[in-house]
Amino acid sequence: MLMPKRVKYRKPHSAPRIKGNAKRGAEVSFGEYGLKALEPKWITARQIEAARITLSRFVRKKGKMWTRIFPDKAITKHPAETRMGKGKGAPDHWVCVVKPGRILFEIEGTALEETKQAFRLASDKLPIKTKLVVRR
């Protein structure tokens, strides 16, 4: 599972606004094709891993794949059946804050039709709408 090796603060503030478009990571930089986010959302480490596995099945040995997002924000949670109060809960899972326009994954070395199918299957694993973009 993806998670940072070290963080400065164990329990970050919960909700930075996910308003506006992505300022960085909005263009295909490494591969030929990219999977672009069209909605703002938190994407968990499990969802990223599920999409990554789906894409790696298609790429295998003929192509190369890049993951352009990383879950670096801890989400805290109180245990079940715990009363209110008593401070902030323990870190539960990790998420990546994704804004519209962000490139999530990139692929090179595969045919366009194969890439379309791979990205369609990978986007089914993600909680947001996405689209395929081609490098200029």
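## Phenylalanine 105 and its contacts

Phenylalanine 105 touches Tyr33, Gly34, Leu35, Ile48, Ala51, Arg52, Leu55, Trp66, Thr67, Phe119 and Leu126, with residues up to four places away in sequence left out of the count. The model is predicted.

## The nonpolar core

The largest nonpolar core has 19 residues. Phe105 is among the members that touch the most other members, and so are Leu55, Val98, Leu104, Phe119, Leu126 and Ile128. Two or more residues come from each of β1 (33–37), α1 (45–59), β5 (90–98), β6 (103–108) and α2 (112–124). The biggest giver is α1, with four residues.

In soluble globular proteins, nonpolar side chains tend to be buried together.

## Overall layout

The chain holds two helices and seven strands. Read from the N terminus, the order of elements is β-β-α-β-β-β-β-α-β. The C-alpha trace spans about 55 × 30 × 25 Å along its principal axes.

The chain has 136 residues, and 33% of them count as buried. Take the contacts with a separation of 6 or more: 81% of these join residues 24 or more positions apart.

## How the two helices pack

How do α1 and α2 lie relative to each other? Their packing angle is about 160°, and their axes are 8 Å apart. An angle over 145 degrees counts as roughly antiparallel, so α1 and α2 are roughly antiparallel to each other. Their crossing is right-handed.

On the α1 side, the contact is made by Ala51, Thr54, Leu55 and Phe58. On the α2 side, Glu114, Gln117, Ala118, Phe119, Leu121 and Ala122 take part. By class, this contact has seven nonpolar, two polar and one charged residues. Leu55 and Phe119 belong to the helix contact and are also among the core members that touch the most others. Ala51, Leu55 and Phe119 are also touched by Phe105.

Is threonine 130 buried or exposed? Its relative accessibility is 18%. The cut-off for buried is under 20%, so threonine 130 counts as buried. This residue lies in strand β7, which covers residues 130–134.

Beyond its neighbours within four places in sequence, threonine 130 is in contact with Leu35, Lys36, Ala37, Leu38, Leu104 and Ser123. Of these partners, Leu35 is also touched by Phe105, and Leu104 is one of the core members with the most contacts to other members.

## The loop between β4 and β5

Which residues does lysine 88 contact, leaving aside its neighbours within four places in sequence? They are Lys11, Pro12, His13, Ser14, Thr76 and His78. Lysine 88 sits in the loop between β4 (73–77) and β5. Its relative accessible area is 38%, so lysine 88 is partly exposed.

At 87% relative accessibility, glutamate 81 counts as exposed. Lysine 86 also has its place in the loop between β4 and β5. Its phi is positive as well, at about 65°, although lysine 86 is not a glycine. With 79% relative accessibility, lysine 86 counts as exposed.

Note on methods
Residues are numbered from 1 along each chain as its sequence is written. This is a predicted model: local features need pLDDT of at least 70, side-chain atom pairs count only at pLDDT 80 or more; totals for chains, interfaces and linings use all residues. Side-chain values use heavy atoms; hydrogens and water are left out. A nonpolar core is a set of buried Ala, Val, Leu, Ile, Met, Phe, Trp, Tyr and Cys residues joined through side-chain atoms within 4.5 Å. Buried means under 20% relative accessible area, exposed over 50%, partly exposed in between (1.4 Å probe, protein chains only). Contact means heavy atoms within 4.5 Å. Axes are lines fitted to C-alpha atoms, for helices over the stretch in contact, and angles run from 0 to 180 degrees between N-to-C directions. Angles under 35 degrees count as roughly parallel, over 145 as roughly antiparallel, 65 to 115 as roughly perpendicular and the rest as oblique. A crossing is left-handed if the near helix is turned anticlockwise from the far one by less than a right angle, and right-handed if clockwise. Ala, Val, Leu, Ile, Met, Phe, Trp, Tyr, Cys and Pro count as nonpolar, Asp, Glu, Lys and Arg as charged, and the others, Gly among them, as polar.
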